[in-house]
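Subject: Structure handover

Hello,

Here is the structure for you to look through. My notes on it follow below.

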Amino acid sequence: MHPSTKASIRDFVIFQIKLAIDGFKDMALIPVSIAAFVADLVFKIRGPKRLFYRLMVISEKFDSWLNLNGIAEAAMAHDDGLFGVSTAGSDSYLGQMEQIVRGGDDPKGKRKKLR
């Protein structure tokens, strides 16, 4: 199988996992955000302690970590797909996946041997 085909299959699986994670997050946030909003109203929470807006900040950070579609265009230009434009071990979901799958940035077949 051609390396770019393998990369496409791997990227498809990663995208499906990211979609599932994003969907679970969205389903969990619906009732939690309602509860946070109601708690803010009932307990008259004001300022930076408002639960609803703190929840939105957490959600935004999670979305940034997941980066569902952020590097799709750049990935098309690489034979190595998504891993070609990520950094293994970075603070993103993709960087953490690459670290787990590869143990580094280089594809297993292309690593230089140390002498």
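**A pair in helix H1**

Asp22 and Lys25 sit three residues apart in helix H1, so about one helical turn separates them. Helices here are DSSP runs of H or I with at least four residues, strands are runs of E with at least two, and both are numbered from the N terminus. The two side chains form a salt bridge, with the closest N and O atoms 3.7 Å apart. A salt bridge means a side-chain nitrogen of Lys or Arg within 4 Å of a carboxyl oxygen of Asp or Glu.

Some background on the source. This is a predicted model: local features need pLDDT of at least 70, side-chain atom pairs count only at pLDDT 80 or more, and totals for chains, interfaces and linings use all residues. Residues are numbered from 1 along each chain as its sequence is written, and side-chain values use heavy atoms, leaving out hydrogens and water.

**More on Asp22 and Lys25**

Both residues are buried. Buried means under 20% relative accessible area, exposed means over 50%, and partly exposed lies in between (1.4 Å probe, protein chains only). Asp22 has 17% relative accessibility. Lys25 has a relative accessible area of 14%. Helix H1 covers residues 3-42.

What does Asp22 contact, leaving aside its neighbours within four places in sequence? Asp63, Leu66 and Leu68. Contact means heavy atoms within 4.5 Å.

Lys25 also meets Asp26 in a salt bridge, at 2.9 Å from N to O. Asp26 is partly exposed, at 34% relative accessibility.

**The salt-bridge network**

Side chains of opposite charge can pair when their charged atoms come close. The count here is seven salt bridges. A network of them links Arg10, Asp11, Asp80, Glu98 and Arg102.

Take Asp80 and Arg10. Their closest N and O atoms are 3.6 Å apart. Asp80 lies in the loop between helix H3 (72-76) and helix H4 (93-102), and Arg10 lies in helix H1, so the pair ties together parts that are 70 residues apart in sequence. Asp80 is buried, with a relative accessible area of 19%.

Asp11 belongs to helix H1. Asp11 is buried as well, at 13% relative accessibility. Not counting residues up to four places away in sequence, Asp11 touches Gly81 and Leu82. Asp11 and Ala72 are 61 residues apart in sequence, yet 9.9 Å apart in space, C-alpha to C-alpha.

**A nonpolar patch**

Met27, Ile30, Ile34, Phe37, Val38, Leu41, Val42 and Phe43 make a nonpolar surface patch of about 840 Å². Patch residues have over 30% relative accessible area and no salt bridge; like charges are joined within 9 Å, and nonpolar side chains (Val, Leu, Ile, Met, Phe, Trp, Tyr) within 5 Å. Accessible areas come from the Shrake-Rupley method with a 1.4 Å probe; for residues, only the protein chains shown count as cover. Val42 is in helix H1. Val42 is exposed, with a relative accessible area of 55%.

**The whole chain**

The chain has four helices and zero strands. Its radius of gyration is 19 Å, well over the 13 Å that the globule rule gives for 115 residues, so the chain is more spread out than a compact globule. That radius is taken over C-alpha atoms, and the rule is 2.2 Å times the number of residues to the power 0.38. The C-alpha trace spans about 65 × 30 × 20 Å along its principal axes. Buried residues make up 25% of the 115.

Best wishes
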